[in-house]
Amino acid sequence: MNLYEKSIEVILANQHQSGAYIACPIFPNYRYCWLRDGSFIAYAMDLSGNHSSAGKFYRWVGRVIDRYSEKVTILASQLQNGQKPDPTGILNTRFTLEGYEEADQGWGNFQVDGYGSWLWGLAEHINITKDHTLLAELAEAITTTIEYLKLVWGLPNYDCWEEHPEYLHPYSLSTTVGGLAAINSLRLQGLINIPELEIEQLIGTIKQTMVEKAVVDGRFIKHIQVGQPTQKLPPQILNGPDASLLGIAVPYGVFPIQDETMSATVEAIEKELWLAGGGVYRYQGDVYYGGGEWILLSAWLGWYYCRAGEPAKAQQLRGWIESTANENGELPEQVCENPLAPKEKPVWLDKWGPVASPLLWSHAMYIILVNEIEKATNHAGATLPGIGGPGR
Ligand code: BGC
């Protein structure tokens, strides 16, 4: 079985009957479903023709959001009255597979990005499947999400690596813009009946914030400082590149690939985060498991290259990803053979055991990359080896 088929198999085998995708079945801390991981996984399922799996996931998200929508009403009135919102009054980043908040509230659950991501993924699902009934079913959850994003997009929250909760993050802002724009386009086509909610103004405001606050030396930065954080980040971290910034252009389309700031950002990612002949680091200064090369980010850079008309570089990254699969064809979260902070690696191994594998998000990004390479190179309609056959 090739890695493409294996990736589909890993994802389907680890989708709970509820529709939730577990982040990793064997890593204790990852036995939950994240909206962030899940949205990319569902997108990969759509690209590989497994639409019912993706649909089940979006229905699961809809049920979760409906279950906790009361929190958004309370949050709105707290913010309106100038009260500091209760830290548990936000919508969580991850849930049990049955769709409930976890009992232990110790995880940094205030992460805004997944709420933009699911709107983006859902819109892609609808564009691909034309399942307008599902859209109607989810109208309330979509409306709640938009109302929630309006309230929280500008509040400091954890980034997509679940760090630095005292800052704002250009990646997270881009998910909000991308998700809102994708849903708004369905609304403008008359495909969904939701209130107007001033979505366009909101998109404009967030984009303006990015232009004004997220650019230093002509590139997008990792974090935006708001107020006076108790944990001050050094400028090289604050302003440095982070591979997740690729998302600003692909897939969220906040700024086009040709945008000068975007190209300068990708140049910095290539220079500072792409190991020659290897994979892509999250950011300089990463210590998690010593800070290794991430499979999903390597695929993400390849995805970007396909859209930028550079599929040869994407092929190179694909080759590296394939070399990281274990003998069962499983992809880990990261490979720590060339860590940025070698001393930190044993600390995490002692604390949480071996690196998470198989990570469903890694498999999903590989599926996305293979599809993108095919699109970028296959003008004659031939099928690339390793893709096609059953499951597609
Ligand atoms: C990553 C998150 C991810 C989670 C589950 C964390 O280590 O930083 O981005 O959502 O794992 O895969």
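This is a predicted model: local features need pLDDT of at least 70, side-chain atom pairs count only at pLDDT 80 or more; totals for chains, interfaces and linings use all residues.

The entries below record what I looked up, topic by topic.

**Entry 1. Helices α1 and α14.** I began with the packing of helices, since two packed helices are described by the angle between their axes and the distance between the axes. I looked up helix α1, residues 3-13, against helix α14, residues 360-377; their axes come within 9 Å and cross at roughly 140°. I recorded the crossing of α1 past α14 as left-handed. From α1, the residues making the contact are L3, Y4, S7, I8, V10 and I11, and from α14 they are L360, H363, A364, Y366, I367, V370 and N371. Sorted by class, this contact of α1 with α14 holds 10 nonpolar and 3 polar residues, with no charged residues.

**Entry 2. Helices α6 and α7.** I next examined α6, residues 139-152, and α7, residues 170-188, which pack at an angle of about 140° with their axes 11 Å apart. The two helices α6 and α7 are therefore oblique to each other. On the α6 side I found I142, I146 and L149, which meet T176, L180 and I183 of α7. The class count for the contact of α6 with α7 is 5 nonpolar, 1 polar and no charged residues.

**Entry 3. Helices α4 and α7.** I then turned to α4, residues 113-129, whose axis comes within 7 Å of that of α7, with a crossing at roughly 35°. The crossing of α4 and α7 is left-handed. From α4 I listed D113, G116, S117, L119, W120, L122, A123, I126 and N127; they meet Y171, S172, T175, T176, G179, L180, A182, I183 and L186 in α7. In the contact of α4 with α7 I noted 10 nonpolar, 7 polar and 1 charged residues by class.

Entry 4. Which residues come nearest to the ligand? Of the 13 residues around the ligand, I found that Y30, R36, D37, C160 and W161 come nearest. I then looked up individual atom pairs. A backbone N or O atom of C160 is 2.6 Å from an oxygen atom of the ligand. For R36, an N or O atom in the side chain lies 3.1 Å from a ligand oxygen atom. For E333, I recorded 3.4 Å between an N or O atom of the side chain and an oxygen atom of the ligand.

**Entry 5. Backbone geometry.** The peptide bond from V250 to P251 is cis, with omega near 15°. I placed P251 in the loop between α9 (235-238) and α10 (260-273). S357 and P358 are also joined by a cis peptide bond, with omega about -5°. I located P358 in the loop between α13 (344-352) and α14. Where does D217 lie? I found D217 in the loop between β4 (215-216) and β5 (219-220). The phi of D217 is near 50°, a positive value in a residue other than glycine.

How values were computed. Residues are numbered from 1 along each chain as its sequence is written. Side-chain values use heavy atoms; hydrogens and water are left out. Axes are lines fitted to C-alpha atoms, for helices over the stretch in contact, and angles run from 0 to 180 degrees between N-to-C directions. Helices (H or I, at least four residues) and strands (E, at least two) are DSSP runs, numbered from the N terminus. A crossing is left-handed if the near helix is turned anticlockwise from the far one by less than a right angle, and right-handed if clockwise. Contact means heavy atoms within 4.5 Å. Ala, Val, Leu, Ile, Met, Phe, Trp, Tyr, Cys and Pro count as nonpolar, Asp, Glu, Lys and Arg as charged, and the others, Gly among them, as polar. A residue is near a molecule or strand if one of its heavy atoms lies within 4 Å of it. A polar contact is a pair of N or O atoms within 3.5 Å; within protein, one must be able to donate a hydrogen and the other to accept it, and residues adjacent in sequence count only if both atoms are side-chain atoms. Angles under 35 degrees count as roughly parallel, over 145 as roughly antiparallel, 65 to 115 as roughly perpendicular and the rest as oblique.
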